[in-house]
2 protein chains.
Amino acid sequence: MNKYLKTDHWKIIEEGFNKENVTSSESIFSIGNGRMGQRANFEEDYTGETLQGSYIAGVYYPDKTRVGWWKNGYPEYFAKVLNATNWIGLRLVFNGEILDLNNVIVSDFRRELNMYTGLLLRSFTAELQSGSSVSVETERFLSIVDDNIGVIKYSIKSVDYTGNISIASYVDGDVKNEDSNYNEKFWDKVSESALENESIVTVRTKKTGFVVTTGARVEVWKNGEKLTLNFDSSIKEKYAENKTLVAVLPGDEIVIYKFAANISSFNHSESDLVNVTKAELDKAQSKHYNKMFDEHSQAWAKKWEESDITIEGDVAAQQGIRFNIFQLNQTYTGEDERLNIGPKGFTGEKYGGTTYWDTEAYCLPFFLATAEPKVSKQLLIYRYKQLDKAIENATKLGFSNGAALFPMVTANGEECHNEWEITFEEIHRNGAIAFAVYNYIRHTGDKEYLVDYGLELLIAISRFWSQRITYSQQIDKYVMLGVTGPNEYENNIDNNWYTNTIACWCMEYTMEAIEYVKTKEPGKYDVLSGKISFNESEEQARWRGIVENMHFPENKELGIFLQQDNYMNKEQILVKDLPQSQRPINQHWSWDRILRSCFIKQADTLQGIYLFEHKYDIDTIRRNFEFYESRTVHESSLSPCVHVVLAAKIDDMQKAYDLYLRTSRLDIDDYNNEVAEGLHITSMAGTWMSVVQGFGGMRVIDNKLYLSPKLPDMWKSYSFTIRFRGSVLKVTASKQNVTIMNKTNVELPVIIFGKSEIVEAKGFLTVKM
Amino acid sequence: MNKYLKTDHWKIIEEGFNKENVTSSESIFSIGNGRMGQRANFEEDYTGETLQGSYIAGVYYPDKTRVGWWKNGYPEYFAKVLNATNWIGLRLVFNGEILDLNNVIVSDFRRELNMYTGLLLRSFTAELQSGSSVSVETERFLSIVDDNIGVIKYSIKSVDYTGNISIASYVDGDVKNEDSNYNEKFWDKVSESALENESIVTVRTKKTGFVVTTGARVEVWKNGEKLTLNFDSSIKEKYAENKTLVAVLPGDEIVIYKFAANISSFNHSESDLVNVTKAELDKAQSKHYNKMFDEHSQAWAKKWEESDITIEGDVAAQQGIRFNIFQLNQTYTGEDERLNIGPKGFTGEKYGGTTYWDTEAYCLPFFLATAEPKVSKQLLIYRYKQLDKAIENATKLGFSNGAALFPMVTANGEECHNEWEITFEEIHRNGAIAFAVYNYIRHTGDKEYLVDYGLELLIAISRFWSQRITYSQQIDKYVMLGVTGPNEYENNIDNNWYTNTIACWCMEYTMEAIEYVKTKEPGKYDVLSGKISFNESEEQARWRGIVENMHFPENKELGIFLQQDNYMNKEQILVKDLPQSQRPINQHWSWDRILRSCFIKQADTLQGIYLFEHKYDIDTIRRNFEFYESRTVHESSLSPCVHVVLAAKIDDMQKAYDLYLRTSRLDIDDYNNEVAEGLHITSMAGTWMSVVQGFGGMRVIDNKLYLSPKLPDMWKSYSFTIRFRGSVLKVTASKQNVTIMNKTNVELPVIIFGKSEIVEAKGFLTVKM
């Protein structure tokens with residue numbers, strides 16, 4: 001835990017310069033626009049500890065898998081998130097002295113991330129080694145309107161400095177990845193050019209051959225006037241710069257504008273890259289800073305209109321939830337079906353790859369409720385487009401007949417994680433991907449998706465389950481052996497209740513979907529059936545047989561579902577009896593000890609109950625919640641949110657609130673001392689879920705929106721916004737009332753506290769809490 | 001399978017030059033002397049595919065562990081077997097043409113390993129590119145008398161070549177390891193010298209800092225006369241050579257003698273290395289080839305006297321078993337308590353490290369029965385000396401109170417394997433190490449070992465078990481969760497019957513040992529007890545509680561012990577029903593599929609029954625054997641031998657013989673197409689076990705030697721030799737009789753076919769089969 005930031009409703013604020021917090025702040029103050037992202041590295045030189053990060057969506061590097069003992073089925077490569085060309089760099093030299101916050105006396109340091117406008121600000125006064133001082137104010141944003149462009153406004157005011165300032169604006173592709181083995185660099189040179197105030201560098205990734213052109217133009221203004229200057233422009237390998245000199249006296253203000261564009265072969269043909277870059281720079285310069293910022297901040301205002309959550313009476317909670325929403329919207333915009341949401345988004349390298357089951361299980365509900373359906377649909381299409389590779393992956397593991405196993409971690413559809421207990425065994429991800437189809441249709445009502453894409457994917461996944469599940473003569477039941485559930489503190493277990501549950505659900509839902517498509521679109525059904533050689537009666541008979549006779553471990557005495565066979569053979573110790581000095585256990589215990597213990601990283605049995613809540617009565621939910629919550633150490637950032645939702649469901653509001661606190665400010669307060677590596681982007685959606693589904697009681701059942709808000713004692717009121725079937729509702733819950741405001745022209749029936757109501761177009765509805 | 005070698009009673013013979021077999025033959029024709037080893041690389045240049053290997057016992061390199069996701073408790077480093085300085089090199093240039101079997105026309109190629117004398121021979125005729133021919137005959141041995149020295153006699157006869165031969169004898173420390181990442185080299189330069197006919201190179205391993213000096217002297221003889229020649233001696237980094245020129249005419253014979261010594265800081269202070277090397281070279285040159293070879297071959301004759309097995313009526317079987325015995329005796333001599341027996345011995349790099357549980361479980365019985373007790377005792381002392389590190393290792397994993405977990409793989413006592421399912425879970429190795437103490441005492445009668453070393457180790461191991469085993473309230477039994485048994489085709493299973501069995505046995509035996517030492521040497525007992533803070537009553541009460549109430553999985557219906565909890569939930573398919581195209585399954589199936597299947601790499605339940613055979617009636621043994629043998633794919637080279645012993649026990653001689661064939665010629669016939677990587681040294685002891693314990697029925701029970709030989713139908717007779725309690729018996733079994741000859745002056749009672757007899761000193765005994 002490291003709590004050094006100020007609380008505020010809309011801003012993240014750092015005051016005072018502490019070198020120890022630089023890498024943490026670099027993560028927390030990251031900015032992105034769905035197309036690219038930039039850690040909050042300083043524009044000027046910095047020789048202190050830093051993690052440099054500029055990330056381009058869709059561009060990755062496949063590093064060679066190295067393991068001790070190779071196991072058949074391991075992927076040959078695993079993706080790395082690539083640090084790309086530095087476009088922010090400004091070298092400022094004051095009479096021979098390079099400005100570097102590691103080497104000057106810094107005062108009045110302040111950093112601010114304005115989440116409402118998507119603007120990063122920084123200001124400080126530097127007393128140079130020469131003794132004179134300058135004040136600096138910087139502004140930076142990555143436009144979400146012109147999403148290839150980043151803009152910097154860098155102001156220097158001389159307090160008592162007299163002399164020249166040498167200003168070099170540069171573009172540097174000679175960058176490294178923190179996680180590279182042997183300091184290997186992942187970018188090769190293509191070309192460099194530097195002419196007048198423009199620098200352009202093109203580099204190519206090793207192996208994958210992605211080409212990225214980064215261009216920048218610099219303008220220097222003095223006391224409000226744009227200067228006409230000569231630039232000394234030069235290049236070296238993977239590097240270009242434009243250098244100039246201005247003379248200043250005390251009181252003078254120099255403003256440097258830097259407009260930069262990143263254009264990649266992911267979107268353009270290689271031969272066009274430089275021209276597109278120049279055109280983008282032309283556009284940026286002609287709109288200039290103010291217009292670009294206005295458009296950018298208006299677009300942000302619109303995002304907030306649809307996705308904001310307000311919390312009254314608790315500024316820390318307010319700031320926390322907005323930070324999470326801001327980061328999610330920075331990371332994914334739904335513009336491109338080839339992109340997805342990495343666990344660290346654009347804020348760090350860790351975890352490699354860009355797509356985990358986090359997307360379907362945690363992020364999708366957020367985008368379903370806060371953005372137009374096309375945004376969520378892109379996430380589904382992403383997986384659909386990778387179905388062939390998922391089939392190839394399953395085939396490599398010995399499955400047949402078009403069975404698909406989607407990868408645990410991927411950048412392009414190929415598996416790129418390489419630990420057998422995850423890669424081969426954490427197969428529940430297939431369930432989350434199928435559930436996303438259901439969830440999307442349930443929320444949007446877009447059943448066409450099933451016809452055009454969904455069914456094919458569902459059948460491939462059901463085929464996987466039906467082969468992965470085997471029959472045990474011993475117990476005369478179907479079983480699923482050797483899996484790892486979402487609770488990764490168990491490996492290679494038999495009959496993980498969650499995985500068995502979601503697998504059976506998949507097969508049932510697939511059969512429903514077959515019925516629907518067959519009836520609705522018999523022609524399309526026949527085409528699909530032929531394409532995938534679907535043996536309808538035989539395959540469905542197998543699925544039905546499994547669904548009807550699957551083994552689900554349980555403990556009847558305690559009235560709970562059992563996480564896995566033999567779970568009760570473990571020593572049953574409760575988390576409350578664990579000494580604080582041993583937590584988190586993943587930093588204090590050997591893996592072996594963790595595996596043997598009853599402690600749970602995230603409770604997958606509860607995850608199953610959360611997904612299929614309607615199947616279980618409230619007492620069953622309570623018994624399971626109490627049993628598993630008391631054994632869960634929440635050492636996955638994805639863990640607490642599900643517990644919040646269930647705790648609220650069973651009316652344990654204190655528990656719900658306590659767990660909510662863990663998740664909403666996880667990164668801002670750096671609970672696990674690791675924020676320097678990047679933010680927990682995907683788990684941020686869990687925080688949103690905690691409020692809307694947990695406290696707000698939002699559910700979708702049988703095409704209807706359910707709400708039953710509860711208010712944590714600490715809060716005066718809170719509000720959230722939900723898009724559902726063409727309507728956008730703002731729900732506000734206070735101690736007295738719940739008010740539902742319909743922002744659209746579409747009336748909507750809702751079930752509030754179990755009672756059917758209609759929220760009229762542009763109207764509102766108030767009910768007592 | 002690759003069967004290209006001739007069968008012979010005493011020799012391994014290769015005829016004809018096939019480049020595809022070069023790397024395989026390099027393994028098979030390896031020579032060693034316990035102190036060092038050398039693959040059968042050619043002395044002259046060879047540009048074809050080759051795996052160069054010169055290995056110095058005790059010298060290793062700790063490479064940095066790299067894994068995907070780090071798990072607490074992983075070792076930071078893992079040992080690599082190091083390819084050391086090349087001492088065999090001779091560069092031969094004929095009128096400008098380098099002799100290189102990859103570039104000449106080779107005829108009459110023959111290679112022979114004389115196992116009786118420990119001599120490697122090679123001969124061939126090379127038609128040079130110039131058109132002229134030379135015939136070459138080489139001899140090479142690593143003296144087992146002067147074990148720092150290797151000797152080469154290299155004869156070149158001109159068939160029709162006229163001209164000069166440039167002869168360069170060199171020592172080259174600039175060598176690489178096949179398994180190095182990024183082609184990193186592991187040796188740094190220390191010094192080089194080349195003077196007249198002597199070359200000396202000293203190099204140092206990175207990180208570990210082992211220093212090895214390799215020296216060589218060369219002599220050139222012509223037509224039986226030693227030549228006095230000028231040498232052009234030169235050095236470069238890590239390299240030294242002595243070059244000279246001789247003129248030859250057709251019919252001339254040039255003989256090159258090369259004497260080499262490898263001296264390491266493992267045995268000498270660094271400053272002495274060069275002097276010791278020179279002294280060793282002086283000794284070698286003064287004894288010269290013939291005397292050195294005589295001493296060497298006499299020492300080998302003595303080894304054969306004690307360890308030979310003869311088989312009449314089956315030359316292939318005879319050759320196979322001798323090859324195994326030869327390799328074991330080449331690899332380990334018991335001269336140094338710091339050395340052990342790597343899975344590949346001195347024949348390849350694979351598996352890293354030098355010590356596995358193979359030593360105790362497979363090799364120890366061989367050395368107990370074929371060498372003086374001090375040889376086996378060294379193997380035990382090796383582990384005893386590493387007890388502190390084993391305690392440190394267990395402490396790192398969260399155990400306390402002096403509990404010890406010996407490493408799965410080690411070079412110096414530190415764990416150096418890094419896959420959690422092996423490192424943390426394959427803990428049965430602790431059992432094998434404890435059993436070795438028992439086995440040594442049972443065979444030699446040396447109970448003093450218990451007092452001086454054994455008890456301390458046993459208590460540390462029992463402490464480990466007592467903490468690793470937990471109590472299950474659910475079944476009111478003690479359980480051992482999350483282990484990997486010797487059957488590595490299951491990971492992280494609960495209650496592996498074998499591990500539970502050997503753990504309980506350990507605790508029982510430790511308690512017996514405590515009683516013995518306490519009674520016999522109360523003073524020493526008190527000292528030990530104080531040293532390790534042994535709380536005798538409390539700790540023993542815990543052990544007794546576990547032993548009396550341990551859970552052993554079984555299937556009562558089938559009357560078998562169960563390999564692990566829930567094993568019967570797997571699909572029960574038999575090996576005979578597996579298509580041949582899918583075998584070995586470890587080359588055709590994903591790891592995931594292997595784990596979920598019922599197939600067994602090596603049957604650990606049978607391993608337990610083998611170790612504690614006296615506890616089980618013959619029907620129990622038969623039922624378990626039939627159940628597990630039919631599910632075992634024998635994809636560990638350590639697997640078949642245990643099955644041979646049990647098959648012979650239950651009188652299934654056909655099965656025993658079939659399985660025996662798999663093990664005895666595993667490497668000679670390259671069953672798994674991998675002999676190029678090195679030989680399966682430790683499993684060779686299993687072959688010996690198959691004959692002596694399997695067919696010979698040799699057991700030691702209550703201080704007595706039991707024998708009950710059975711004869712495979714294919715054989716006329718066989719014999720083996722056993723050292724037991726000061727006597728050396730040669731046992732010969734034919735279709736009619738068993739003859740036991742006592743080679744010593746010590747009479748010995750034996751139980752033959754269940755009947756007590758005495759074999760008188762120097763006498764013999766014959767009983768009917």
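**Figure 1. Helix 14 of chain A and helix 14 of chain B at the largest cavity.** Helix 14 (591–596) of chain A and helix 14 (591–596) of chain B each give at least two residues to the lining of the largest cavity in this predicted model. Helices here are DSSP runs of H or I with at least four residues, strands are runs of E with at least two, and both are numbered from the N terminus. The largest cavity holds about 330 Å³ of space. Its lining counts 27 residues, and those nearest the centre are Asn492(A), Ile493(A), Asp494(A), Asn492(B) and Ile493(B). Sorted by class, the lining of the largest cavity has seven nonpolar, ten polar and ten charged residues. In this sorting, Ala, Val, Leu, Ile, Met, Phe, Trp, Tyr, Cys and Pro are nonpolar, Asp, Glu, Lys and Arg are charged, and the others, Gly among them, are polar. A word on conventions: residues are numbered from 1 along each chain as its sequence is written, and chains are lettered from A and ligands numbered from 1 in the order in which they are written. As this is a predicted model, local features need pLDDT of at least 70 and side-chain atom pairs count only at pLDDT 80 or more, while totals for chains, interfaces and linings use all residues; side-chain values use heavy atoms, with hydrogens and water left out.

**Figure 2. The second largest cavity.** About 260 Å³ of space lies in the second largest cavity. Of its 24 lining residues, Ala57(B), Gly58(B), Gly345(B), Phe346(B) and Thr354(B) are the closest to the centre. Its lining divides into twelve nonpolar, nine polar and three charged residues. The structure holds eleven cavities of 30 Å³ or more. A cavity is a set of points, on a 1 Å grid over the protein atoms alone, where a 1.4 Å probe fits but cannot get out, and lining residues have an atom within 4 Å of a point. Grid points are joined across faces, edges and corners, and a volume is the space filled by probe spheres set on the points.

**Figure 3. An open three-stranded sheet in chain B.** Here, three strands of chain B form an open antiparallel sheet in the order 3-4-5. At its edges are strand 3 (31–32) and strand 5 (54–56), each pairing on one side only. Strands of a sheet pair through backbone hydrogen bonds, either parallel or antiparallel. Two strands are said to pair if DSSP finds at least two bridges between them. Strand 3 and strand 4 (residues 36–38) of chain B pair in the antiparallel sense over two bridges. Look for Gly32(B), whose bridge partner in strand 4 is Gly37(B).

Figure 4. Trp505(B) sits in helix 10 (residues 497–520) of chain B. This residue counts as buried because its relative accessibility is 9%; buried means under 20% relative accessible area, exposed over 50%, and partly exposed in between (1.4 Å probe, protein chains only). Beyond its neighbours within four places in sequence, Trp505(B) is in contact with Ala434(B), Phe435(B), Tyr438(B) and Phe612(B). Contact means heavy atoms within 4.5 Å.

**Figure 5. Ser462(B) in helix 9.** Ser462(B) belongs to helix 9 (residues 448–468) of chain B. With a relative accessible area of 0%, Ser462(B) is buried. Apart from its neighbours within four places in sequence, Ser462(B) contacts Cys506(B), Met507(B), Thr510(B) and Trp543(B).

Figure 6. In chain A, the peptide bond from Arg583(A) to Pro584(A) is cis, with omega near -10 degrees. Pro584(A) lies in the loop between strand 26 (560–561) and helix 13 (585–588) of chain A. In chain B, Arg583(B) and Pro584(B) are joined by a cis peptide bond with omega of about -5 degrees. Pro584(B) is in the loop between strand 26 (560–561) and helix 13 (585–588) of chain B.

Figure 7. Asn703(A) is not a glycine, yet its phi is positive, near 65 degrees. Asn703(A) is found in the loop between strand 27 (699–701) and strand 28 (704–707) of chain A. At 52% relative accessibility, Asn703(A) is exposed. Asp108(B), also not a glycine, has a positive phi of about 50 degrees. Asp108(B) is part of strand 10 (residues 105–114) of chain B, and its relative accessible area of 62% makes Asp108(B) exposed.

How values were computed. 1 Å grid on protein atoms, 1.4 Å probe; cavity = no way out; pocket = protein on both sides within 12 Å on 5 of 7 lines; lining within 4 Å.
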